[in-house]
Every structure is written in structure tokens, then in C-alpha cells.
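Today I am opening my notebook on a new structure. I want to see how its chains meet, and then look inside one of them.

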Amino acid sequence: MIPMPNLDVLGFLVLATFAVLCGLSVILQKHAVASALSLVGVMGSLAVLYLMLGAEFLAAVQMIVYAGAIMVLFVFVIMLLNSGSERPAKARYFAYLVGIPSLLAFLGVISFFILKELPNTSSVQFGAFTQGGPAPVGRLLFTQYLLPFEVTSLLVLIAIIGAMVLAKKEID
Amino acid sequence: MDFFLVSLIKIVVVFGAFMTTLAYLQWVERKVLAHIQLRLGPQRVGPHGLLQPLADVIKLATKEGLIPANVNTFFYILAPFLAVSLALISIAVIPFGPEIELFGVRTNLELTSLNIGVLLILAISSVGVYGIALGGWASNNKYSLMGGLRSSAQMISYELPMTIALATPLLVLNTLDLRQIAERQGGGWFWNWTAFSYPPLLFIAFIVFLISAFAETNRVPFDLPEAENELVAGFHTEYSSLAFAGFFMAEYANMVTITCVSTTIFLGGWHPPFPAPYSNFVPTALFWFFGGVLLFHGLTQPARRWDRFTFPAFGVISLGLGAIFLLAATVLPIIGQILLPVFWFVAKVGLLLFLFIWVRGTLPRFRYDQLMRFTWTFLFPVALGCLLLTGLGVALFG
Amino acid sequence: MMLPNAVPVSWYLILSAILFSMGVAGFLIRRNIITVFMCIELMLNAVNLSFVAFSYELKKIDGQLFTFFVMVVAAAEAAVGLAIILTVFRHRMSLEIDDVSSLKN
Amino acid sequence: MTESQSLWLIPILPLIGAALNGLLGRRLPKMAVSAIAILSVLGSFLWVMKCLSALGNLDTPHAEHYFTWIQSGALEIGVDFMVDRLTRIMLLIVTGVGLLIHIYAVGYMDHEEGFSRFFSYLNLFMFFMLTLVLAKNFLLVFVGWEGVGLASYLLIGFYLKEKFAGDAGKKAFIVNRIGDFGFSLAMFLIVITFGSLDFTKVFEAAAKMPVEAHAGILTAIALLLFVGACGKSAQMPLYVWLPDAMAGPTPVSALIHAATMVTAGVYIVARASVIFDRAPIALDVVSYIGLLTAVVAATIGVTQYDIKKVFAYSTVSQLGFMFMACGAKAYSSGIFHVATHAFFKAVLFLGAGSVIHALHGEQDMRNMGGLRSKIPQTFATLCFAWLAISGVPGFSGALSKDEILIAVHGKSEWMFWVGVVTAGITAFYVSRAMFMTFFGEYRGKAHPHESPLSMTGPLWVLALLSAAGGYLMRDLVHSIGPETASHGDHGSLEFIIVAAGLLGIGLAAFMYLMNRGLSQSVAKALGPVYRLVYDKYRVDEFYDAALVRPIQAGSESVLWKGLDVLLIDGVVNGVGRTASAIGGILRRCQGGHVPSYATWIVLGAALVLIGFQLVGGGR
């Protein structure tokens, strides 16, 4: 019998690979719609990863808010403007010569840090952490984090008004 | 391995039933619409056109799948695929009946049990817009694009009142698990159902949910994305063959899913409207009543020649079904525990689906600005008010 | 290849770092404003992942709540940002980030 | 601690009225506006009655704590209300007289624009005044204090279209600022000295301190409080705003600038009597200022022709009397005079208003005369107030004025005599106004008509109160404080005072009834002295030359051209120039090109991280 692969490991590897591929697709696709759909892919795989980390409520919210609302808005705007593919980039030596190496250095140092400073992190098992349901999250949100919650709601209100004001066609 | 086996059986049964429902739902719709308009509807293929769905499938499958010039092929193909697969997922978390014991195996009458089932359904329905928007955009056709944009805007807008209306009963039920939701409404008369608690608040929420459901599934009177007199056929103008069938199926699958959800959350799921010993005989009575009517009509006053044979045949089948339910209710509880809840669930879903078709046969289409104004200035505030008042009610009396 | 039989949380963190770096890279090399904006969302998502991973590691859900707030802020940001992009497009008929450089002087 | 009486309802009701009228008033019919305004004040009057009857004798003050307003270290300031015997009198005056004046104003303001705005302001004033009176600590008093100032400002400038009204409002506001500054300083000193602003704590602590023979901290507090009182109560040298304040509608003059707000100064001095008792120097200052104000204002009153101006100077003068009482430690007599003055001065103003209303806005007494028969009800009610203010025995004014002058006699002989002369002058100028207005021939052009019942009704009530109110309130008032004016036999003194009043009336009758024209020749004979008094001692001109102009000139030459242009602008522009010079160098990095900014950020982040790593990691 084939040894059953550990689903936690397999799941992580599959999802992580998918996420990285989608992420690459986001930054490499020529067309904005393709980038947007790739980003949805990243978000979907992240949602499943959240599920594995025990954040089930957050996973659902990730799908509803990010994939279902924010990205739909992006796709909507892209289609509305229908700007077509990006023109081939002008040579951007500064970004390529300074930015990308610095970025790689940044990534290397961060990874080094993580592995050095956190050598014995607990291993992730699906179902080992069960505090991510709606009830505990809600309880914490409406007690300890009530003020930030209210402030955020105010922020969203302001954003709605701001977006309306900005996007409204000026009547001349 | 029992778990896998049972799951496999359930998947086969549910999937088969679901697909058959989708196919025949379209037949039912055509029939009902025809009768509303005093026509006969499909009649040629099989008795009373009963084989029409099969013929449709063959027709769609054998047609040439056109891919227009200058389209992005990948997205063009992806769109219907996305639409139909997203539409089919949600059925997995709908509970059709209580926990049963069959041959020593205990299992739930649903494919999978999630403790955040409601959220999953919301997530899936919020992602569902991609299929249509993408299809409209990838067709590289301005009518399709307009249809896709309209549907995105419409679905985003109506998702708000729908979500809020869906959140209202959750205040009362205090869980996100669809199975628990259904169970908490059972055991008694129909006023235990959520739609009738805190009257009339939750009933209003139910109505708001239904209206938003019409819009979410792009059905009349909210079928602006496919308004044929303005947009040819909307987002699927360019589609043909199986790709078209994908969109078509997605629409009906969404309809079935959303009626299942409203049945589970608002109308008590599989619970009968009045307590158990008496309600068990309702299906038998109904089937026998219909069987009697069919026999009577077929034998005494057939309207057409072939009715003399078909009506009595249907009548006999109906009588037989009634007998099976009688057995199930009395001497064969092992079947009854499955059949009776499923009967009630299907009956409620069927009624709601009939409502969808009935509305399609009756109401004219909205204008686009009316549609948007309706949701933002009426539906949304009403849903919000319901939510707040119900919250107040739960806080005071709950 | 032998798979390890458990995934440590640090892998999640490294995945988060990789996604973040990809977001930054996209920000640097892309020219379409909307894509650039999406790269910001990618970075936010990467950060969210590390919040959730730390939440698992510490067995406290505060991290998840931060993610929640990040999402809400991202929603607000998307609404306002896209409105700004619409306005910019209306004025300049272009979505090229290089064309929108009048911040100088 | 007795059970809570919900004192907060008393000020809140008018506030609700103000809010309703202010927000919705323009859309409501006048009936509704006046109903809201009157009912809110009536409600608070009835609630006062209910509370007072429930609280009974008030042997100990009744206090209520609602919430902590400010907490800073050990200093805790709450929103606390308190009723004691002093507050009781003030509450009765404010709500009672306020109610009557509201009713009167419905008739008076009937034809004016901004009906709802007027009542909104008036109710707002009631809210602040009641807060001031009920407050249990200095800061809350200050809230009310500033609030009534605001309401007064709004109401003086009520006629938006008239420039002089706005100017008068500003003048009142600015002059009051000087007093408020003193009040704030007094509060700071109190906090420093006693560590609290609560009345109970402050006065308990102050009572334990010795009487200061020389100027000390208590004297300073008392004097600063008195500066505040001078501003609010229009005493020398800050009295100049009150005559101008007559630009507002007449009910306002009656309510705010005669009966209630201007007595806030007397109230605060009486409230802080514990402090004043221990600061004899401050008491002397209070007495002198009061006396000086009384004399100066009375003499100005003799020469004025505008009927409201006459009564305004009369108010200033009477306030001077009240402070004289306080200076002689006869606080209860001062408050007693506040009460009686509220009644008769309200009648005087409201009567004047009725006259003005009857003559369609005419205010100059030279254009009046003979109105006795034309507006008999107004005349009859005004007679009560006239006799009351003149100190004719049997009327309430005589009671309180006698008490004050007897108390002053106990303090110093010469001040008593000056006071008596002033009382005579008071009787003279009020009689003069009465004679010029109601007797002789009618000299005006307008056709006078009697005022409606909503105006004459309150007039009658107040008129009866100015006759009998003194007897009704005497015991209530005297329950306030220590008995200072010894109740001995002062027959001879009382005789002198009454005689002075009657003499004043007689003289006025002689000059304005029997020998018309005599006044002119007297004025001519006095010549420059008369001119000086007629011009109100040219105080306004003096302030203008001594204060306003130098300040303006100084602001222009020093502050604007010197400080602002040279120093501040120089610094600001210099910073700007430096920044733009540096920016000119840095500009090369700033192409307005977003990705390159981002690249810089990434580079920086990478460098910081690497540096961090080199320095020694996360610990």
C-alpha cells in the first residue's frame, strides 16, 4: 500500500506552490484582468491556508470581502476602463538594477531571520487550533477591540463618501 | 472505509438528483410559462415533452462550439466553466434531512457538514459574479461587455441586502451551521420556523432575501444582464454549444441552491409544518389526491387523444408513490426516516421554484436605474432596519 | 523526495515573505496603475498570512483580528483608490503610472 | 444627604426649548414657538417649586452629583448641583421673573422678524443662568457665567440689520472678557490655594483661615472675583457696556440686563462671602466701587432723555447699592435688593417697553408726555415700580434699600450720607422720567395704543410683586446669612432715607410738573458740569483715547509691522527659503515617478534590515 502522505504537508505544499505561481502571474501577466484573476487565485489559496491554520471565520471573510467584493471591484473597473494590454515597458534601469537586488537581499535577510530567530515553531496541524470560529472572533471584536472596530466602521463610511465624491462625474 | 463509501454513495445520489432536477426544472419552467400564457409547451419529445431535456442536452452537445475571432481564448473558455462549477459547489453543504441510521451506519443527509456553512454559501455566491463578468468581457463584444458590467454591478449591489437579510435570522438562531439551523426550527408547528419568529421582522427579512435572490440569479424582473431587446442576449451572446449550456446550467443551479438555502434558513428545512404523526400522512394524501384527479380526467374527459393513456398512467404512478409513502410512514420507518424529511424539503423548495417561474411569467422587467434605486434606497434600508430591530428584539426578549 | 511529516509555522512565514517580495517587485516593475494597486493588495495579503500564522503560533486570535482590520482598511482603500484611478483616467485618458508624474515641483 | 430631586431638570427644560426652537422654530407656527418657550420655562418654574417644597427648610444645603467632568490628578471637578438658601432665592427670581418676561415677550415680539430665534436665545439664557445659580463649583458657575454672556451677546445684537446693535453686542462681550479674565485668575488661585473648586470644600477650608489684616491670598482671590463681578454686574470702571446693551429688545433688557444676569456678580460675591469676610481690604474696595458706581450712574441718569437709557443707568446705580451692601457684609440685604430690584426694575423696563411698543418704537422722552390717559394700564403698573424704586414706605424697594443704607451706616457714616443723597437722586430721575412720559401734553406724532393682555398681564403681576414682594421674600432672604444689620431701632435713619426719596420726587414734580422750563435753565446755569454729566462723564471717550487707540496703534506699529512682518514672517520665509534651497538639491531624487520612490523605500528597508542584522539581531 502506498504510504498515505501527510495531508497537512501535502496541502501546504500544493497551496503554497499555487499561491506563488499565481503571485508570479500577478506581476508578470501583460493584461490587468489576468493579473486580477491571478490575485483571486492567491487569495483563494490563502483562504485555504487560513483554514489550515484554524482561522475558519477569517477564511470565509477572505473569500467574501477580498475575492467577492474588492477584487470584483477591480475587475469591474478594469472592464469599465477597458484599457487593453500594457505597452511594453520602457527600460527601467533604476528599478531593475537597484530595486530587485535590494528586494532579494531583503527577502534573504527576512528568511534568515525567521529561520534563525524562530527555530522551533510549532508544527501546523489542521484542527489543532480551534479558536478561529465566528464566536470567539466576535467576542473579542466586540469587547477588547470595540474601539478599533468602531473606528474602522467610521473609516469605511468615510471611504464610501470619498469614493462617491471622487467618482461622480462633474456636471458642467 | 465506511466513511468514504457512504460519502461516495451520497455524492452519487445528490449529484444525480441535482443534475436531473436542473434538467427537468427547465422543462417545468417551459410548461408553467406555457400554461400561464395559455399554450401547451413542449409536447413532441416523449409524452408531454418529458424527454425534452434529454433532447436539449443532445442538441447542445452536438452543436459547433464557436470561438469568435480576437477573443482571449483562455478566459473565454474559463468563464462558463467557472460559472457552473461555482454554482454547483454550494449544494454540498445543504442538509436535506436529519441524521439517519442505515444498516448500522449513522450519517447526515448532506454531503458535508461545515460549522460555517452559511459563510461558505455567502463566499461562493459572492465569487459567482466572476463567471458572468469574465464571460461578458472575454467575448470582445460590446453587448456582452455591457451585460457583464451590468451583472457585476447588480450582483454586488444586491448582495448587500441579501447578506443582511441572511444575517437577520442568524441573530435568532445563533449558529452558522446549516444543520443546526434547520434542527433549531423543528419539533412542532410552522411558527417555529425562522420566517415566522419575531413577526413580522423576519418575514420581511425573508421577503427581502427572496427579492435579492431573484436579482442574484439574474431572473425576471431583474434579468437586465440578458435584456434581449437592449443587449441581444447579454453576456452570453457569443456563446454556443456546451459553453452556453454551462451558463444556462449555472443559472438554474443557482436558483436551486438559493431556494434550498432559503428553505433551510427561513422555512424550517426538512421539518413538516405541523407535528409528526399527522404530518407523516400528508404526502400519501397528496399523491393519492393527484392520482385520483389524473385518473378521473384521463378516463372521463381527456382533452386530447393521447391523454387517454398518459393521464391514467401518471395517475397510477402517483397512487403507487402514495402507497410507498404510506408504507414509509407506518411499517417501514427505515425508509420513512429518509423519505419523509426529503419530501418536505423538496416540497418547500419546489414551491419556491414555482414562485420563481410564476414571477417570470407575470412581471415585466425593471429599467436599470429603477433596479439600482430599488436596492439602494429601499431594499437595503429595509434589510438594515430589520436587522437592527431584530437585534433589539433578541437583546430584549432573547 | 522525503516529505517532512509536519509543516512548521516558519514555513508559512517564509511563504508570506515570498509573496510580499513579489508584491514589491510587481510594484516596482509594473506600469499599469491598477496592476500596481493590485500588487499592494498582494502585499497586504502576504502580511495577513503572517498575522494568522503568528496567531496560530501564539494560540491567540488577536492576530486574526488584525487581519480582519487590514481587510476592512483594504476595502476602504480599494474603494477610494479605484475612484481616484477613475478620475485620473478621465482626465488623462491613460493608466500608465509613468504618465502620472506631476507630483514633482 | 436627602434623596435626589433631579435638579438637572430645571436647567435642562429651557435647553430643550432652546434646541427645539433653534432647530425647528423656523418651520413652526408662532403659536407653537411661544408655547415651547413658555412651557419650558413654566416647567422649570414648577419643578423649582416642587423641589423647594420637597426640600423644606434647607437647614443643610442639598447637593446632587451627576458625573465627573474633569479629573486631573487630585483635582476632580464634577457636574454637581446644589440648592441652599441663597440658591433658593435666585432660583425663584430667575424662573419666576423669567416666566413672566417670556409671556410678556410673546406680545412684544409679535411683529418682529426672527421670532423663533429670539425665543431660542432667551431659553438658552435661562439654561445658562440656571446652571450658574445651581452650580456647586466655581468652574460650573463659570460655564453658566460665560453662557449668559454669550446669550446676552446674541440678544443685544438681536437686530441683525442694525449696526449699532452689533457694536453694542461686541462691546458688551469684550468688556465682559476683562471681568471673565479676573474670574479665571480667581479660579486658578483657588485651585492653587485650596486644591479644589468645590464650594463646600473651598469654603470649609477658607473658614478655617484667619482674617487678613493685610493683603493676602484671600484678598487677592476676593478682588479677582470682584473684577469678574464688576464686568458682569456693570460696576465702575467696567459699567460702560450696560447702557449700550439697551440696543437689544426690551424684554431682554428687563430679563438679562436688569433682573437676572447683571445680578450674577452680586450672587457670586454673596456666594463667596466666606472669602470676602476674611478679606476686609477687598470688602472696602467693594464698598467704594459700589458707592462710586451708584453716584456716577445716578447723576448720569438725571440727564438722559432716552427712556431705556435712564433705566439702564438706574440699573447700574442700583447694582452699586447692592455691592455697597455686600461691602458692608450685609450680603442678605444685597440679595434682598436683588430680589426687589428684579421686580420693580422688570416693571420699569417692561413698562418702558410697553410705552415704546405703544409709540411704535419711539424712545425719546422729549417726544412723549401725557400718556397717562392713553395707556392707563401701563401707567398704573409703572407707578408701582416708580414708588418702589423711590423708596416710598409700603413698597418693597423701600425695605431693601433701607436695610442696605442702615448696614452701610454701620460701616461708615459718610458713605451712608452719600448713599442717602444718591437715593434722593434716584427718586428724582425716575420721577422725572415718569413726569416727562405720562404727564403734561403729548408731544409725539405716533398714535399710542394700549398693549395686549400678554404684556399687561405680566406687568400687573410684577407690579403687585414690586409692592408686596419684599414682604413675601423678607424671611426667605434673611434666612440666608448671618444677621449683620442689627435689627435695632433705626427710626431716625429710616426717616432720613424716606425723606430723601420724597424730596427727590418733590423736586422732580417742582421742576417738571409745575415749572416747565426750569430744568432747561438749571442745565444752562450749570453749563459745563451739565455737559459733562450729559456726556456720561465722557468715560467712553476716555477709554477710547486711553485704551483703544494706543492698543490699536501699538498693534499696528509693533505687533503687525514689527513683530509679525519682520520677525514671524522673516522666520517663516527664511525657513521656507532654506527648505526650498535644500529641496532644490534633493529635487533630483524626486522625479514624481512613483516606482523610483518605491525603489528607494525598498533599498532603505533592505539596508535597515541588514544593518540590524550586523548590529546584533532581534534581541
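Before counting, I settled what a contact is: two residues are in contact if their C-beta atoms, placed from the backbone, lie within 7 Å. I also noted that this is a predicted model.

**Entry: chain A and chain C**

I looked up this pair and found 74 residues of chain A in contact with 64 residues of chain C. Which elements of chain A give two or more residues to that side? My list reads α1 (7-28), α2 (32-52), α3 (56-81), α4 (93-117), β1 (123-124), α5 (134-142) and α6 (146-167). With eleven residues, α3(A) makes the largest share of the side of chain A that touches chain C. I sorted this side by class as well, and it holds 55 nonpolar, 15 polar and four charged residues.

**Entry: strands across the two chains**

Next I followed β1(A). It pairs with strand β1 (residues 7-8) of chain C, in the antiparallel sense and over two bridges. I checked S123(A) too, and its bridge partner in β1(C) is P8(C).

**Entry: chain A and chain D**

Then I turned to chain D, where eleven residues are in contact with 13 residues of chain A. The side of chain A that touches chain D has nine nonpolar, two polar and two charged residues.

**Entry: inside chain B**

Last, I asked how many helices and strands chain B has. I noted 15 helices and two strands. Chain B has 398 residues, and 43% of them count as buried. Among its contacts with a separation of 6 or more, 77% are between residues 24 or more positions apart.

Conventions:
Residues are numbered from 1 along each chain as its sequence is written. Chains are lettered from A and ligands numbered from 1 in the order in which they are written. This is a predicted model: local features need pLDDT of at least 70, side-chain atom pairs count only at pLDDT 80 or more; totals for chains, interfaces and linings use all residues. Helices (H or I, at least four residues) and strands (E, at least two) are DSSP runs, numbered from the N terminus. Ala, Val, Leu, Ile, Met, Phe, Trp, Tyr, Cys and Pro count as nonpolar, Asp, Glu, Lys and Arg as charged, and the others, Gly among them, as polar. Two strands pair if DSSP finds at least two bridges between them. A residue is buried if 20 or more other C-beta atoms lie within 10 Å of its own, exposed if 12 or fewer, and partly exposed in between; C-beta atoms are placed from the backbone.
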